[in-house]
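Here's a quick briefing to read alongside the structure. Have the viewer open and follow along topic by topic.

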There are 2 protein chains.
Amino acid sequence: MELPPNRSGPAPTISRVAAEAMVSRATVSRAFGAPHLLSRETVEAVRAAATRLGYVPNQTARALSTGRTGNIALVVPDITNPFFAALMRGAQARARAAGYAMFLGDSDERPELEDELLAKLAAQVEGFLLVAPRMAEDRIRHHAARRPTVLINSDIPDLTRLLVDTGPSYARGVEHLAELGHRRIAYVAGPAQSWSNAQRSAAVKATAKRLGLRLVILSTPRPSFEAGRACAKPLLLKQVTAALAFDDGMAQGIAAGLADWAQSVPDDFSLIGCDGVIATTTVPALTSVATQCGAAGERAVDILVDMMRDRVAGHHRITIPTDLVVRASTGRPRICAAATGTVERRGGIDGRRGSPSLVGA
Amino acid sequence: MELPPNRSGPAPTISRVAAEAMVSRATVSRAFGAPHLLSRETVEAVRAAATRLGYVPNQTARALSTGRTGNIALVVPDITNPFFAALMRGAQARARAAGYAMFLGDSDERPELEDELLAKLAAQVEGFLLVAPRMAEDRIRHHAARRPTVLINSDIPDLTRLLVDTGPSYARGVEHLAELGHRRIAYVAGPAQSWSNAQRSAAVKATAKRLGLRLVILSTPRPSFEAGRACAKPLLLKQVTAALAFDDGMAQGIAAGLADWAQSVPDDFSLIGCDGVIATTTVPALTSVATQCGAAGERAVDILVDMMRDRVAGHHRITIPTDLVVRASTGRPRICAAATGTVERRGGIDGRRGSPSLVGA
DNA sequence: TTGTAGGCGTTATCAA
DNA sequence: TTGATAACGCCTACAA
């Protein structure tokens, strides 16, 4: 791509380009919107003139004329959550590739804000991408009725939704802990309105019950490092030897909190997280449920683009599988280890992080 | 909020309302945009007619006519970078509070993409917020001439810019290492086009020279955990005992890479990072330059909103100070420690993370 | 206080 | 394959 010219001032309009290329405005319009209707040379000439002037079609004017804004809205509960960040990145990339610009709304985990953002954006947008919405179902339906909408991690019947299916991997996680010899475990929950949390919580409960494990559930105000850290003491008081956290950030927080009480992972306590973004960056590396968050964002935008193009309202329910990746934060509980007489210590260059091994799903 | 009428079909326009209320279109327009110019009764009558019809002013048309879109554009090199994420969060919150919606562009560290995004967004936006732009200066000037623009971490004369002043803290970091006894240190650089990198690099160079330290500079393709990790080997080969990294993510990567070579932080190697977002979540906690990224985003939007309102082009150059926060990733070099006969080991509940102590700036 | 008319930058319709 | 010309829905001088 050549550098556009630097002559500033008002942005060049279609008329200027038309004059420069000595064609009509209609021809310029077609050179960008329907080049197949024009001769090869004309298209080239017009495009050349356009780059020479630094012309870019005005989306607003185009929208007024066509009704298509070329924009989509992405609303997430928390931009700074690595899972959402990766998702946004994928979504934004695909949107751009498809010629769409993206509005971003951070709802700060607040349902009312979500509602407000969507209402305000509706007029400027052709479609909604709602990530883990915290709104009540009827509010979601309300907005979805207005614009093509794709939900991520929210399972509302008759709406198009993409579900990162972490349940089975959490079940696998519980099994993994059981196999290591843990008998008392905990689940450190995420936001109450979160579908993901409901799914994970249910999977953990069911599996723990099936395997006859004692299960403690801790709830937190908001998934964060600090929230996790605050859980360390309660976890120790409850005498559990392992925990599955709602996400990696919380797991990391728990690890830090445990360190404050001189408990180390995985020797004194085993931890399982979720997301896989920061799981490999911690020491020890976290055993974690790997979600392809970037891919989820891309996929969601692809679907949304289809919906906006065809104006079809076919409802999909798409599930994205996950895997439990065992790394270095899970091991045998102390008691059990003592009983067997071997305190396995993972050390050395490779063992410290453990080459990831795929399990389940 | 009452439910609007559900009569479907084309949305009612200003003309229909005018007919319904038996006034001119201009009057309807004013009833919404400048009610103070109308008599009380007229306004009420028009509004009544509007609600009866379910009329809502068309933002797109309004924008085309006035140039006021109520939108701003935020462009960052990488959404997933925690520093930028926190900044975006602050920015988005303030924008919403001021009644603006926000476009998000991820340039993927590529100058051309940045250029393209801005060109495409220009017409739909009242102002630009460019975070750590990688574009050439003349391109930045070009866009800034078209719309009110606030730059973050890009120091271009005559433009309004917000600079997170990390230089002094990096200088302080070098001093800190020197005080601990390090004689051979490294700076692991960030993106070449980055102003922040230039500033940090210069500060490190000058200070190392002043203190008579040997300095090695490593450059990386892109700041990331993996890039940092790949630096571990070169660092060890260069025989340095400490490094300042471009950001926390890289520092964390270096720590992980060192672990692969059975080197531990801070006993075998000291590390200093930057940003402070993830610095407290690592083990050991990183000595790091604390930047109030969220505040920077908020501040930038506040300024931008002012510029858009007043249409003034007063050029500010605002500097945001930073602090070096000493945590647990810096200590005496082995040799020095051996010489003094004390290998200080930070342990125990508190010592492991070290209560942060403020230094410098 | 209200109405008239022209324009914002594109696309779409209809001819040529 | 290209060119006139009329929308698209609203705002805003200017006039009344």
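Chain A comes to 14 helices and 13 strands, in what is a predicted model. Of its 361 residues, 52% count as buried. Looking at contacts in chain A between residues at least 6 apart in sequence, 70% join residues at least 24 apart.

**Where the two chains meet**

- On the chain B side, 40 residues are in contact with 40 residues of chain A.
- The chain B elements that give two or more residues to this side are H4, helix H5 (82-97), strand E2 (101-106), helix H6 (111-121), helix H7 (137-146) and helix H11 (248-260).
- Which element gives the largest share of the side of chain B that touches chain A? That's H5(B), with six residues.
- Sorted by class, the side of chain B that touches chain A has 24 nonpolar, eight polar and eight charged residues.

**B:Asp106, with contacts in both chains**

- B:Asp106 sits in strand E2 of chain B.
- Is B:Asp106 buried or exposed? It counts as buried, because it has 26 C-beta neighbours inside 10 Å, and the cut-off for buried is 20 or more.
- Setting aside neighbours within four places in sequence, B:Asp106 is in contact with A:Arg89, A:Gln92 and A:Ala93 from chain A, plus B:Val76, B:Asp78 and B:Ile79 from chain B.
- B:Leu74 is 32 residues away from B:Asp106 along the chain, yet their C-alpha atoms are separated by 8.6 Å.

**Helix H4 of chain A**

- H4(A) covers residues 59-66, and its buried residues are A:Gln59, A:Thr60, A:Arg62 and A:Ala63.
- Why do these residues end up on the same side of H4(A)? Because they cover an arc of only 160° around the axis.
- Part of what covers those buried residues comes from the other chain: helix H4 (59-66) of chain B is included.
- Just after H4(A), A:Gly67 takes a positive phi of about 85°.

**Helix packing in chain A: H5 and H12**

- Two packed helices are described by the angle between their axes and the distance between the axes.
- Helix H5 (residues 82-97) and helix H12 (residues 293-310) of chain A pack at an angle of about 40°, with axes 7 Å apart.
- H5(A) and H12(A) are therefore oblique to each other, and their crossing is right-handed.
- From H5(A), the contact is made by A:Phe83, A:Ala86, A:Leu87, A:Met88, A:Arg89, A:Gly90, A:Ala91, A:Ala93, A:Arg94 and A:Ala95. H12(A) brings A:Cys293, A:Gly294, A:Ala295, A:Ala296, A:Gly297, A:Glu298, A:Ala300, A:Val301 and A:Asp302.
- By class, the residues in this contact of H5(A) with H12(A) split into 12 nonpolar, three polar and four charged.
- Two H5(A) residues in this contact, A:Arg89 and A:Ala93, are also among the contacts of B:Asp106.

**Helix packing in chain B: H1 and H2**

- Helix H1 (residues 14-21) and helix H2 (residues 25-33) of chain B pack at an angle of about 100°, with their axes 8 Å apart.
- How is H1(B) oriented to H2(B), roughly parallel or roughly perpendicular? That angle makes H1(B) roughly perpendicular to H2(B).
- On the H1(B) side, B:Ile14, B:Ser15, B:Val17, B:Ala18 and B:Ala21 meet B:Arg25, B:Thr27, B:Val28 and B:Ser29 of H2(B).
- The residues of the H1(B) contact with H2(B) come out as five nonpolar, three polar and one charged.

**Backbone spots to check**

- The peptide bond from B:Val265 to B:Pro266 is cis, with omega near 5°. B:Pro266 is in the loop between H11 and strand E9 (270-275) of chain B.
- Another cis peptide bond joins B:Val283 and B:Pro284, where omega is about 0°. Look for B:Pro284 in the loop between E9 and strand E10 (287-290) of chain B.
- A:Gln239 isn't a glycine, but its phi is positive, near 65°. It belongs to the loop between helix H10 (225-237) and strand E8 (242-245) of chain A, and it is exposed, with 10 other C-beta atoms within 10 Å.
- B:Glu109 also has a positive phi, of about 65°, without being a glycine. Its place is the loop between E2 and H6 of chain B, where B:Glu109 is partly exposed, with 19 other C-beta atoms within 10 Å.

How values were computed: Residues are numbered from 1 along each chain as its sequence is written. Chains are lettered from A and ligands numbered from 1 in the order in which they are written. This is a predicted model: local features need pLDDT of at least 70, side-chain atom pairs count only at pLDDT 80 or more; totals for chains, interfaces and linings use all residues. A residue is buried if 20 or more other C-beta atoms lie within 10 Å of its own, exposed if 12 or fewer, and partly exposed in between; C-beta atoms are placed from the backbone. Helices (H or I, at least four residues) and strands (E, at least two) are DSSP runs, numbered from the N terminus. The arc is that of the directions from the helix axis to the C-beta atoms. Two residues are in contact if their C-beta atoms, placed from the backbone, lie within 7 Å. Axes are lines fitted to C-alpha atoms, for helices over the stretch in contact, and angles run from 0 to 180 degrees between N-to-C directions. Angles under 35 degrees count as roughly parallel, over 145 as roughly antiparallel, 65 to 115 as roughly perpendicular and the rest as oblique. A crossing is left-handed if the near helix is turned anticlockwise from the far one by less than a right angle, and right-handed if clockwise. Ala, Val, Leu, Ile, Met, Phe, Trp, Tyr, Cys and Pro count as nonpolar, Asp, Glu, Lys and Arg as charged, and the others, Gly among them, as polar.
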